[in-house]
Amino acid sequence: MHKFLALCLFSLILIGNVSTAVSGILFYDNCEDEPDKSEWQFQITGNGNSFSVSSEQFRAGSNSYKYILNPGNSTRVEHALIKKGLSAFEFNKVYWIGYSFYLPNGSPYERGVYGQLHGRPDTPINECDEYRNPLFVITPDPTTGGMKISQKAQIDRCSYSPDGRYYDRSTWHQIPNKLLVGEWNDIVMQFKLSYTTGAFFIFFLNGALVLDDNEINCYNDQLCPYFKFGIYGSLSQTMTAFYDEFRVGDSNSFYDEISPKRNISSLNAPLLEVVK
């Protein structure tokens, strides 16, 4: 895998005038070869689901990661980011994540999950803390033809109650923008996780700002959340998705550095760094 760790590199960014910026890329996976097991953990449940490196579709280079999920109830074929230093996204720090994914023509527009930040319980289930739904989820919305973004948060450390899981915040954002089928979808997000103050989450889909949220956005856990992508869901039809050009950046990064293929000439792409 042609991956790199690049911290504090200087680069020239052309935005009207030439200015100097500090590169904040922490991780890059071009999805050309088999995922490095020290960086990605493979997660699969259900029958007949599969993962491969494929040349059928690619956003850049000549390959991408291909996931196939068959009909079933709450099954998955995903990769979780476990690279040292990025296996947990720390609270109260600014991060960027960018990647592309492709749904082939004829794909069912069902509520599969195409990216999520997931929490970890601090103590065994049913003692004080327990596994909860992901604190951030990207999914199509078949009822509207758009997409939905879920956010959850909790202020209390102890999440267990006799009635089951509970949240101080549980929100679905209705996004009118539809995930493209037969084309690549480019995702860029900038966020700071907090269950107290200073939280924010900014999300771009195909160059358009679709979410700018400033409320609490994570759980009060000792262990910080992790990121994963692939396909998760309860589907009625087989679904295929391809992923490419995955990047993670820190607070020194910016949209054009994280955006797949760094297409700064796009009229739809924001040309200025988003700062919170």
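Start with the largest nonpolar core: select Phe 89, Tyr 99, Met 189, Phe 203 and Phe 246, which touch the most other members among its 49 residues. A nonpolar core here is a set of buried Ala, Val, Leu, Ile, Met, Phe, Trp, Tyr and Cys residues joined through side-chain atoms within 4.5 Å; buried means under 20% relative accessible area, exposed over 50%, and partly exposed in between, with a 1.4 Å probe and protein chains only. Strand 17 (residues 239-249) gives this core its largest share, five residues. Strands are DSSP runs of E, at least two residues long, and helices are runs of H or I of at least four, both numbered from the N terminus.

The model is predicted: local features need pLDDT of at least 70 and side-chain atom pairs count only at pLDDT 80 or more, while totals for chains, interfaces and linings use all residues. Residues are numbered from 1 along each chain as its sequence is written, and side-chain values use heavy atoms, with hydrogens and water left out.

Stay on Phe 89 and show its contacts (heavy atoms within 4.5 Å). Leaving aside residues up to four places away in sequence, Phe 89 touches partners including Leu 81, Tyr 95, Phe 191, Pro 225 and Val 248.

Next, select strand 7 (residues 72-81), which pairs in the antiparallel sense with strand 4 (residues 40-45) over six bridges. Two strands count as paired if DSSP finds at least two bridges between them. Phe 42 stands opposite His 79 in strand 7. Strand 7 also pairs with strand 16 in the antiparallel sense, over seven bridges, and there Val 77 stands opposite Ile 231.

Strand 16 (226-235) leads on to the largest pocket, where it supplies three residues, the largest share of the lining. On a 1 Å grid over the protein atoms alone, a pocket is an open set of points with protein on both sides within 12 Å along at least five of seven lines, a cavity is a set where a 1.4 Å probe fits but cannot get out, and lining residues have an atom within 4 Å of a point. The pocket holds about 270 Å³, volume being the space filled by probe spheres set on points joined across faces, edges and corners. Select Arg 111, Val 113, Val 137, Trp 172 and Tyr 232, the closest to its centre of the 14 lining residues.

Finish at the largest cavity, with a volume of about 30 Å³. Its lining includes His 118, Arg 120, Glu 130, Tyr 219 and Asp 221.
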